[in-house]
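Subject: Structure handover

Hello,

Here is the structure for your files. Please open it alongside this note. My findings follow below.

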Amino acid sequence: AKESGQHGLFGGAAAAAAPLPEVLPDTDEWPEHELLNSEYATLGFYISGHPLDKYAGRLADLKAVDIASIEGRRNKENVIVAGIVVQSRPMRSRRGARWAIVTLQDRTSVIEAMVFPEAFGKLEPVLKPATPLLVKASVLAEDVGTRLTVEDARPLEQVIDRPPSLLRVRVPVATLGAGAMERLDQLFASRPGRCRVEFELVLDDGAAATQQTSKAVKADQELIARVKEICGEDSVVVQ
């Protein structure tokens, strides 16, 4: 009894022996995705980071908006959102058609997204819990709150890993002087690749005109950063 460290119920004033220290084995650190998944499974939220953190730069290039910013947007406004599938609830319409209500979470908030039968038919395989998605949707503003209507969705890793096919530079005509064009020409000539380049020229009255080019570049983060230095922080869209 002394060796076990237990006291008697009716007396036994003798001090119990101290338990032997527990020896823990040396093990490797968990991979980041396993650590984050375990945090969420245990606590319902992330502590050491978020699965979307590593995509932050690329998501900015894709013009993805934070979920927290969707509240208050106008009804039927088109948005691009990156989020983790927290829950997918299958539903059936009165006519028996299958659809789903999907809960998406990003680094800022959560939102419900409606995936109606036409979209659900092609998207069902990717609407799995813990899947990071890039979602094209429209805002559904209702009295009870704001939700999304999903039009298309793709696994985020497929989008990020796929080399971009189009680099669109959007600039006001009034600010695009000869010096800026010369710098862009030199930059594009120094970084040949397979990504097409086009310009979206914004006129003084707000109208925009698209100008195709014959240039093709390697649209990596360095080139995008240099284009932004020349034309402005919000001047680049990569698709």
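In which loop is lysine 63 found? Lysine 63 sits in the loop between α2 (56-61) and β1. Bear in mind that this is a predicted model.

**Backbone**

Most residues other than glycine have a negative phi. Lysine 63 is not a glycine, yet its phi is positive, at about 65°. Lysine 63 counts as partly exposed because its relative accessibility is 35%. Lysine 76 also has a positive phi, of about 70°, and is not a glycine either. The loop between α2 and β1 holds lysine 76. With a relative accessible area of 65%, lysine 76 is exposed.

**Nonpolar cores**

In soluble globular proteins, nonpolar side chains tend to be buried together. The largest nonpolar core here has 24 residues. Leu104, Val115, Leu123, Leu127 and Leu148 touch the most other members. Two or more residues come from each of β1 (78-92), β2, β3, α3, β4 and β5. β4 gives the largest share, four residues.

Leucine 148 is worth a look in the viewer. Leaving out residues up to four places away in sequence, leucine 148 touches Ile70, Val79, Val81, Ile111, Glu112, Ala113, Met114, Ala137, Ser138, Val139 and Leu140.

**Cavity**

Rolling a probe the size of a water molecule over the atoms shows where empty space is left. A search of the whole structure turns up one cavity of 30 Å³ or more. The largest cavity holds about 30 Å³ of space. Its lining is made of Val102, Leu104, Val115, Leu127, Leu133, Val135, Val150 and Ala153. By class, that is eight nonpolar residues, with no polar and no charged ones. β2, β4 (132-142) and β5 (145-155) each supply at least two of the lining residues. Leu104, Val115 and Leu127 are part of the lining, and these residues are also in the largest nonpolar core.

**Aromatic pairs**

The count comes to two aromatic pairs. Tryptophan 99 and phenylalanine 116 form one that is tilted, at 5.6 Å centre to centre with 35° between the planes. The pair links distant parts of the chain, 17 residues apart. Tryptophan 99 is in strand β2 (98-105), and phenylalanine 116 is in the loop between β3 (110-115) and α3 (117-123). Phenylalanine 116 is partly exposed, at 36% relative accessibility.

Best wishes

Technical notes
Residues numbered from 1 in each chain as written. Predicted model: local features only at pLDDT ≥ 70, side-chain atom pairs only at ≥ 80, totals over all residues. Heavy atoms only, no water. Phe/Tyr/Trp six-rings, centres within 6.5 Å; stacked < 30°, edge-to-face > 60°. Buried < 20%, exposed > 50% of the residue type's maximum accessible area, 1.4 Å probe, protein only. 1 Å grid on protein atoms, 1.4 Å probe; cavity = no way out; pocket = protein on both sides within 12 Å on 5 of 7 lines; lining within 4 Å. Points joined across faces, edges and corners; volume = space filled by probe spheres on them. Nonpolar A, V, L, I, M, F, W, Y, C, P; charged D, E, K, R; others polar. Core = buried A, V, L, I, M, F, W, Y, C linked by side-chain atoms within 4.5 Å. Contact = heavy atoms within 4.5 Å.
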